[in-house]
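Here is my note on the fold and its packing. Please read the points with the model open.

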Amino acid sequence: LSSPLLSSSLLSSLLLSSPISLLPSPLLLSPPLSPSPLPSSSPFPSSSLLSILYFILCSTPLPTALLLPPPSPLPSSPHSSTSSHYTRTLLSPSLPSPPLLSPPLPPPVLTTRFQTRYVHLPSSHRIWTLFAGPEPEAAGETGETGERDGEPDWERTPTPLVLVHGFAGGLGLWVQNLQPLSCRRPLLAFDLLGFGRSSRPPFPTEPGAAEEQFVRSIEEWRERLGLPSMILLGHSLGGYLAAGYCIQYPHRVRHLILVDPWGFPERPLEQTEIGKPPLWVKAVAAVLGRFNFLAVLRAAGPWGPSLVQRFRPDLKRKYAEIFQDDSIVEYVYHCNAQTPSGETAFKVLSEAFGWAKRPMLGRIHLIPKEVPITMIYGSRSWIDSSSGEQVKNLRPDSYVKTVSIEGASHHVYADRPQEFNELVSEICDSISESPLPSKPHVPLTPETAPPSPSPSPSPPPPPLPLPTTVELEAK
């Protein structure tokens, strides 16, 4: 128990508070078997940040330093049934109070109502989902308790904002954005299929089929929850998949927000002599190309968290105002220490360490012009922001806005959370709540897809003003 791998005050308190936590108990590996409100003696008050991460982390494997056997598949529980009922209580196990922690718990950062649970898909997969913000009223007849017994009526609430994380991440990385973005509208975040706490099925080995499986899982997730429409925000790989989803289901998206999206530009066909890598680099790349990107992390065993800390020291800096320990590092490690399902799918989608085999710029014109798009980049990101201007040229009759946040790198939402939250909030507040026309889903094929329009040098002015980089810097 004195292992340095247990430096997280949250995990340490769990292990020290109850003898049952020394076993691979479902208490730590899955949500509770029955919903219940937080007890007054719980060390995780509903408004604290640690309570959020506890629910996010409660089913990840215990630290490998404990030398416990790997956890068995997560059991199903009543509160994670295949229905889309909106659970009205906060799910939390009852744990005795732990010893006093030093340093003290961080201040609360989430005061709006929230919950986490699995959403079961028709394909038998499960998507780990977080709900925050105003709770939608249920339809149906009012029962003896005064509550309606039907499905949640999303039509009576503002359009929900849906967050889609990037490669090797999980919904916990949005922790600095949940409170500000859920004040006035429902917010939903989920772990992509193959990542985080969601199911990790095998993916096809063909890029188009692998992308289709991601997109289909998002649509099945939306259908299970009964969302008529949403504001869809995707970061990095999540932005690539959000754009792919919008191509197939445009009538479900009121506004598409792409944050430092991966996979848009095409890979250059020719390289200059200056840009060509040395022969030894090509040889190493050929060998490493046979493995998944994070295979070394899993092969390191108990030294895995140390590798995350060594190669990504910026993670602790990004969340330093919230965490004084290694919680975020351990979270990222546990997100990627399990079966590399989504990681393998990403390898299928990509080539040459960063280029997409099916670039999105060649298909972005397939999104109907009625769908507005905002592209947010970090000024110090490795992602090429010129893709935003190219999207403008490829969609001359549509609203496309490109914004750069000064001082932010690839993880814009964590590097400059205040500027990011203000920008996204203004975008959401500008959304019209008028009903969307119902359109059947028609799969797009190369034969039925319309031709790409010729670039236009003068796109029309945007219908709604949004803050610019200069305005964000002034704030």
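1. A term before the pairings: two strands pair if DSSP finds at least two bridges between them. With that in hand, take β3 and β5, which pair in the parallel sense over four bridges. L163 has L233 of β5 as its bridge partner. Keep in mind that this is a predicted model.

2. Now the whole sheet. Eight strands form an open sheet in the order β1-β2-β4-β3-β5-β6-β9-β10. The pairing is mixed. From one strand to the next, the twist averages 20°.

3. Two further pairings deserve a look. Strand β3 also pairs with β4 in the parallel sense, again over four bridges. There, V162 has L188 of β4 as its bridge partner. At the other end of the strand order, β9 (residues 373-378) and β10 are parallel and share six bridges. Y377 is partnered by S404 of β10.

4. Next, the helices on the sheet. Helix α5 (residues 207-225) lies across β1, β2 (126-132), β3 (161-164), β4 (187-190) and β5 (230-235). Its direction is at about 115° to β1. Helix α6 (residues 237-248) also packs on the sheet. The strands touched by α6 are β3, β5 and β6 (253-259), and its direction makes about 140° with that of β5.

5. Is β3 covered or open on its faces? Both faces are covered. L161 and L163 are buried on one side, V162 and V164 on the other.

6. What does the nonpolar packing look like? The largest nonpolar core has 54 residues. Those with the most contacts inside this core are V162, W221, L232, L256 and F264. Helix α6 gives the largest share, eight residues. A general point applies: in soluble globular proteins, nonpolar side chains tend to be buried together.

7. Leaving aside residues up to four places away in sequence, L232 touches V162, V164, A242, Y245, V253, H255, L256 and I257. There is also a second, separate core of 45 residues. Its members include L130, L163, F323 and I427.

8. On aromatics, a search of the whole structure finds ten pairs. Why is the F190 and W221 pair called tilted? The ring planes are at 40°, so the pair is tilted, with the centres 4.6 Å apart. This pair links distant parts of the chain, since F190 is in strand β4 and W221 in helix α5, 31 residues apart. Both F190 and W221 are buried. Elsewhere, one aromatic cluster is formed by F167, F195, Y240, W262 and F346.

9. Two arginines sit over rings. The charged end of R126 is over the ring of Y118, 4.0 Å from the ring centre. For R197, the ring is that of W128 and the distance to its centre is 3.4 Å.

10. Last, helix α12 (residues 341-349). Seven of its nine residues are buried, leaving the helix mostly covered. The buried ones are S341, G342, E343, A345, F346, V348 and L349. They pack against α5, α6, α8 (295-299), β7 (350-351) and β8 (355-356). F346 also belongs to the aromatic cluster in point 8.

Key:
Residues are numbered from 1 along each chain as its sequence is written. This is a predicted model: local features need pLDDT of at least 70, side-chain atom pairs count only at pLDDT 80 or more; totals for chains, interfaces and linings use all residues. Side-chain values use heavy atoms; hydrogens and water are left out. Helices (H or I, at least four residues) and strands (E, at least two) are DSSP runs, numbered from the N terminus. Axes are lines fitted to C-alpha atoms, for helices over the stretch in contact, and angles run from 0 to 180 degrees between N-to-C directions. Contact means heavy atoms within 4.5 Å. A nonpolar core is a set of buried Ala, Val, Leu, Ile, Met, Phe, Trp, Tyr and Cys residues joined through side-chain atoms within 4.5 Å. Buried means under 20% relative accessible area, exposed over 50%, partly exposed in between (1.4 Å probe, protein chains only). Rings of Phe, Tyr and Trp (its six-membered ring) pair if their centres lie within 6.5 Å; planes under 30 degrees apart count as stacked, over 60 as edge-to-face and the rest as tilted. A charge sits over a ring if NZ of Lys or CZ of Arg is within 6 Å of the ring centre and within 35 degrees of the ring normal.
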